[in-house]
Every structure is written in C-alpha cells, then in structure tokens.
Amino acid sequence: METLLMLIPVALILGLLGLVGFLWSLRSGQFDDMDGAAQRILFDNDDDKAPPPPGHRQEKGSNR
Amino acid sequence: MTGPAALCRHCGSPLGGESAAVGGFCCAGCAAAYELISAQGLDLYYRRRCLDPTAQPPRPDGDGVAAALSDHVTALPGGESALSLMVDGVQCGACVWLIESLLTRQPGVTWARVNLTTRRLALRFRPEENDPAAILAPVFAVGYRLVPFDPDRLESDDLRHERGLLKAMAVTGFAAGNVMLLSVSVWAGHAQGMGPATRGLLHWVSALVALPAVVYGLRPFAASALGALRAGRTNMDVPITIGVVLTSAMSLWETVNGGPHAYFDSAVSLLFFLLIGRYLEARARGRARSAVEHLLALDARAVLVIDSDGHRRLVPPRRVMVGQTVLVAAGERVGIDGVVIDGRSDIESGLLTGESVPMAAGPGSPLYAGTMNLTAPLRLRVTAVGEDTLLAGIVRMMEVAEQGRARYVAFAERVARWYAPVVHLTALVTFIGWIVLAGMAWQPALLIAVSVLIVTCPCALALAVPVVQVIASGRLMRRGVLVKSATALERLAEIDHVVFDKTGTLTAGRPVLRPEGGWNADDLAVAASLAVASSHPLARALVAACPDVRSAEAVTEHPGQGLSGCGGDRLGSRAFVAVLESDEADGPELWLARPGETPVRFAFADRPRADANDAIAALRHLGLSVELLSGDRRVIVAALADTVGITDWRGGCDPAAKVARLTTLAARGRRVLMVGDGLNDAPALAAAHVSISPASGADISRAAADLVFQGERLAPLVEAIAVARQARTLTRQNFALALGYNLLAVPLAISGVVTPLIAAIAMSASSLLVIVNALRLSGGRR
C-alpha cells in the first residue's frame, strides 16, 4: 500500500504539468491560429529573422 | 497568343480577347504585381499557392489604402507602434507567407504576422523609420485589401468568454481524469475488500482534486442559472448547478464521515462533458460571427471630404458634417446622404430600392448612402448624417421589427421550464417519502434524494442541443452558410413560407443582354467595342456578350448618357441617340446609332441566379410556398416571377410595405423565411421568423439576417433548410433518449440502490449515445 503514497502524487503531478502546459500555450497565443499553424510548417525561408515571441497578452495590455 | 483557356499569371482569372496581349496578364496591375513579387525573389508563391476558383481573384484594383491608418496605430513601450488590419484575399498558407515576407523586408518593420483563421494581420514597426502607408503599399500592389480595425473593440467579450470556457474545460478535464482513476480503485476496492482507511485516503485525494475544479468549472453555469432565477425563470443551468453543488457537498460529507460512497467523479465529469459542449458551441458561433464581422469591416469605407481650402482627407462616415463637400469616385459606394453639386454619373441604387436599372444623376439630384456611383466622379454636399439619413430611418424600422423576434424561446429552454421543477419536486418527494413512509433518519434519506438529483442531472439533455448545433453549423459553414444566431436553425426548421427579394437575391444583380431585339452580330461587335471603355453595368453586359471584342479608338464617355466613338457612332440612352419612338421600355436598354443607319436597340434583363429554378422547385419539394416581394417595377418583377416559376409576386414594395406584408403573413400564422440582400430588405429581414442574406448584400442586411450564405448559387439555402430540419429531428431524438434514460434511472435512484459506479456508467452511456446520434448529421455529404 505504501506504493500508493508515491504513485498518487506522481500521477497528480504529471497531470498538473500537462494542465499547466496547456494553460501556458493558451495564454501565449498558440491556439489563436490553428489553420495557420498547420500551414506555417511548410514555409522554408530560414533566412528570415525569427519573429520575437508574440506576447499576446502584453500587446493587448499596452493598447491604452 | 495564349489559348482560350489561358489564365492570368498573377490573379488566375481567365484571359479574354485582346487582354491576352499583355504577356499573360489580365491587366497592368497584375503585371506590376508579378514583377514586384519576382523582384523580391518570392516567386515561390506562385508554385505554392492554391487558388480557390470561387473566391475573388487577388487582382490589384488600385484603390489603395481604404481608410486613414494613423487613427488605428497604437504606440507600444520601447518606441514601436502596432497596427491591426483585416486582410481580404488570403486563401492559403502561401498568401500568409507572401504577405509576411513582403512586410518583413520593409525597413522599420519589426514583426508581421497573419492569422489565417481570422484573416487578420498584426504589424509592429518603428514609426521613425517608416510610415504605415508605405509599409503596406506592396501588399496592396499585390492585390490584397487591408482594412485597419481596433482590436480592443473586436476581440470582445465573446472571445474572452470562449477562452474562459476552454480554460474551465482544461481544468475540469484534468480533474475528471484523475478523479476517475481514483474512483476506479475505489470501485474495485468495493469488490475486493479495500480497507476503510485506504478508501478514506482515496476519497480525500479525490475531494482535494475535484472541489477546486468544481468551483472553477461551475462558474459559467452558476452565473447563467442565477441570472435566470433572478428574472423569475428557470433554464437548463439551474438543475445543473443545483445537482453539481449538492453532489459535491454530499460527497464531501460522506468523505468526512468515512462513508462508502462519494460521487466526486460524477460531479467533475458532468462538468467536463457540459463544458465541451458549451465550448464547441461558443466557438462555432464565434467563427460565424467573426466571418460576418470580417465582411462588415471590409465594406466600411471612409468618405473623402474636401475642405474649403481644397485639402482632401479620408473621414469615417459618422464623422462627416452636414454642409461639407464630399467626393465620390467612380465605382465607389456613397457613404452619406447628399445632393450632387458637380458632375454627372449613373447611380445604381439596387441595394436601397431593389431597382436593377442604374439612374442618371446630375447637379441637384439627391443621393443616399448605400447607392453606388458607377461612371464618373461626383461632388456632393452633405445633407444628412447619422440619425437623419435614410439609412438610419431603415435601421430604426428594423429595430422595431426585431423586438417581436426577441420573444422566441428555444426548444431546450421550453423543456427546461418544466424539467427543472419536476426533477426538484421528485427529489423532495423522495426525501419526505423515505422519512415518512419508511421511517428513515434524515441523513440517509437526504443521500437518496441527492442521488435522484445526480441521476437526473441533465448531462445528456444539456448536450443534446449544443452537439447537434455544432455539427449542423460546421457542416453548413463548409457549404458557405454562416449561422449567426443561436436559435436560427431551430426557427429555420419551422418555416412554411419563403419570401424572396428580387435584385441581388433571386437574380445575380447584373444585367445580361437579351437575345431578342433588332440587332445583328455586326451591331453587337460595334456596340461592344464602344462599351469596353465603360464600367457601366449595361456596357459590361454588352462586352460579356461579345468576349472577343477589340476596343474602339478615342471613345468618349458622357456620364449619365452614353458613349461616343470617333466615327460618329453613339451608344447610350434613348435620349442620347435621339430616338423618338414612343413605345415604353420594359427594362434596361441601350441604343446604338451609326451614321446613316437606323438606331438599334439592345434590351437587357437581370438574369436569375444560375440555379434559381432548381432551388425554387426544391423549396416547393420541401413543402414550402414561395413568394416574390420586390421594390422594382411590376413589369420587371412579373417577367422574372414567370421565368423562375413563382406565381405569388408583388412589385413596387418599399421597406414599410415589405414589413407590412410579413406582419400580415405572421398574423395568419405563417412562419416566414425572408431572403434578401438590400438595405430596403433589412427591416423585413428583422421582421421575418428567420432570415437569410447573401454575403454580397448590404452590410446592414447581413447584420439583420440570422444566416448569411456565400457564393453565386441558391443551393446552400435549400441545404440550410434541409440541415435545419434534420437537426431538429436529431435534437428531438436526443431529448427522447435523454428522457428515456431518466425514466429508467430515476426509479432506481428513488429506491436507493444507485451507487457511484452505476451513476457514472449511466451518465457516460447516455452522453455518448446523444453524441453518437448527433454525429449522424455530419455524414450528409452528397
């Protein structure tokens, strides 16, 4: 039964990690353009400077 | 020379006649765009892209920046500026790549990103290095249209609500998975003799995970339930909220007292299922709404005001003042009400009055917002703005008409009105019954009463409508029909009568040359060679009838009258070519006069949409009666009604007459679907039981309509009705399934034999059944 004391927290922590990851990706705008994301992988212009992180929230906050 | 099927190398539209001479391009604009793209080394775009033949071709039309950009630029900390724009013409990933590449190569641009889903562009630049008009110029030159918008205004409560639902869904999903895992152990423990201490531990861990998730996930339902109760009604959210709260409270009580049964898994997975339904519904509606907003924003053009010192500036229509002078270019929609002070042109007022023939306008003619200036620029003196315009009058009429519809109650709502009291009464009777009849103590009696509430908690019932709605509107969206209102499909399924507007709805809104008349092929060739020079719709129709035409030399356009060529040929109105015959015209016409010959007449008719006859036959086949209601002249309406096979028609109706007709029909108990596109239809659209507008219609009628359909054909309309009826059948079936499940489960719950395991199995099974049943709707591709 002692294994339960370890396995339950491990299961919960792993689940929480997934949840936090999802909320983070939602917050950083990764779910804003699902169609575009599917197409973007096909662009091969590596020479273009990488765009800075979107910072969706930050941009919105600064609009007045 | 290229073959007849040749396509323009830039915009992909078919090349016709003499235009093939421009080296594979349909116009100089396309040639310039191709050169621009090649010079930047971006020709990969042409190999990558997939043009949708039904969409508008990406042809640069040279109207430049549509509105003042500077109003929409916002300063960011760190010296950068941001600008949000809607992009028209983005079709696939290659467009996104092209626009982003063009923009990031401009000096001063720090970041440019196109959202393919919403077709919006976010741009960041350093304002001291470049100004926005110059940055965006290459994108215009390539053929996309950009309109700035205010992100704060558009990314409104709906989006925040949708995100809130998604977050709640993620949290409850996490909790449901973990609690279910623990519950399975508890259920297995019941069979294999798990000790009370271990069971207690598992229950405590479940409570720890489930309770915060319930508090977080229940908020949307609780808010809606409280709102309904405050207004003195009940809705589906009331039994949901009460059920979940009581389930959680009872489970906590069991856990504290070391009892054998806790229902945390039921509470959380119920919320999880319901949130999935709510989120999908919100997203489907949000997508349709953002598509409509996109259409609206692209139409909102600025007005060009000329100040007294001759300075020109673009101003949004609502900021124009009475008495100012406004310039309306040829091919532009008039944004205000005014009187012509200078210039002569043809005005198409189809959206306003339903008339298909353009009228001549000269100094002194009044013009109304919403009409289109066709042939030559006009200067107007503004006579009315804002609330005083004809447009605002139509909007007021529409608002009055809309009030009747706000009273419509959705089917689910009607069911909830009696479902909630019945369920709560059953639980109460169970509670009292066990105490009075069986002499049970109040705690176990309460447990049984709560288990009745858990079992009747309308999981399947609450999923029954959203799942069907989501699948139906998704299927319609693929067919180009946008469902704007939540109850639109339900109302659409109820209709028994269809009222069509004529111009632009039943017809394509473009005149076509009629074969009869006294002209021969030679006359047509001469007339078309003159007509090439004009953008008047009748001239266009002539050119369309004679595709291999060569343009005549030195053609002069006399706006509002006609065209004259160098050899003395004249093409235009009967006054322009000095015809004295007195027989009345039965539709739009053009006359061609050649020196030494009798003038010949070309008659035109607005052609019905290609599948109008089929669509009307299909509507009849669905058991609907069809009626035609138009603002156009009776002769024209009668001719069209005859062509498409409608016997019931009315001509010469103004907006008020249309509303009156719909009110009469409603008073007779008919449920009317109104299909219309014009400003003059907007009040009627609002007054009808349900309404559909084509995407090519006036913005106000698209806003008033419940559904918007895209494309040249009427078939989506018929499909929308068929899907709506199918959706109604499935919704009713789902309700029957959910209620049938309750009839089975409630006696078990009342007799007190329901355990958490039975509750979980019954709930999941009924939810799955409802979803699977709804999925049958998506398979309807023919």
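**Entry 1: the largest cavity**

I began with the largest cavity, for which I noted a volume of about 130 Å³, and I keep in mind that this is a predicted model. I then looked up how many cavities of 30 Å³ or more the structure holds, and I wrote down 6.

Next I asked myself which residues line the largest cavity. I found B:Phe411, B:Val465, B:Val468, B:Gln469, B:Leu489, B:Glu490, B:Ala724, B:Ala727, B:Arg728, B:Thr731 and B:Arg732 in its lining. Sorting this lining by class, I recorded 6 nonpolar, 2 polar and 3 charged residues.

I also wanted to know which elements give two or more residues to this lining, and I listed helix H14 (459-478), helix H15 (488-494) and helix H24 (715-750), which belong to chain B. Of the contributors, H24(B) gives the most, with 5 residues.

**Entry 2: the second largest cavity**

I turned to the second largest cavity, whose volume I noted as about 70 Å³. Around it I found B:Glu281, B:Ala284, B:Arg285, B:Gln469, B:Val470, B:Ser473, B:Val483 and B:Ser485. I see that B:Gln469 is named in this lining and is also named in the lining of the largest cavity.

For the pocket, I listed helix H6 (157-192), helix H7 (196-230), H9, helix H12 (411-438) and H14 of chain B as each supplying at least two lining residues. The most comes from H9(B), which gives 6 residues. I divided the pocket lining into 12 nonpolar, 6 polar and 10 charged residues.

**Entry 3: helix H8 of chain B**

Last, I looked at helix H8 of chain B, which covers residues 237-256 and has 20 residues. From its first C-alpha to its last I noted a reach of 28 Å, close to the 28 Å expected at 1.5 Å a residue. Just after H8(B), I found that B:Gly258 takes a positive phi of about 65°.

Definitions and conventions. Residues numbered from 1 in each chain as written. Chains lettered and ligands numbered in written order. Predicted model: local features only at pLDDT ≥ 70, side-chain atom pairs only at ≥ 80, totals over all residues. Heavy atoms only, no water. 1 Å grid on protein atoms, 1.4 Å probe; cavity = no way out; pocket = protein on both sides within 12 Å on 5 of 7 lines; lining within 4 Å. Points joined across faces, edges and corners; volume = space filled by probe spheres on them. Helix = DSSP H or I, 4+ residues; strand = E, 2+ residues; numbered from the N terminus. Nonpolar A, V, L, I, M, F, W, Y, C, P; charged D, E, K, R; others polar. Expected span 1.5 Å × (residues − 1).
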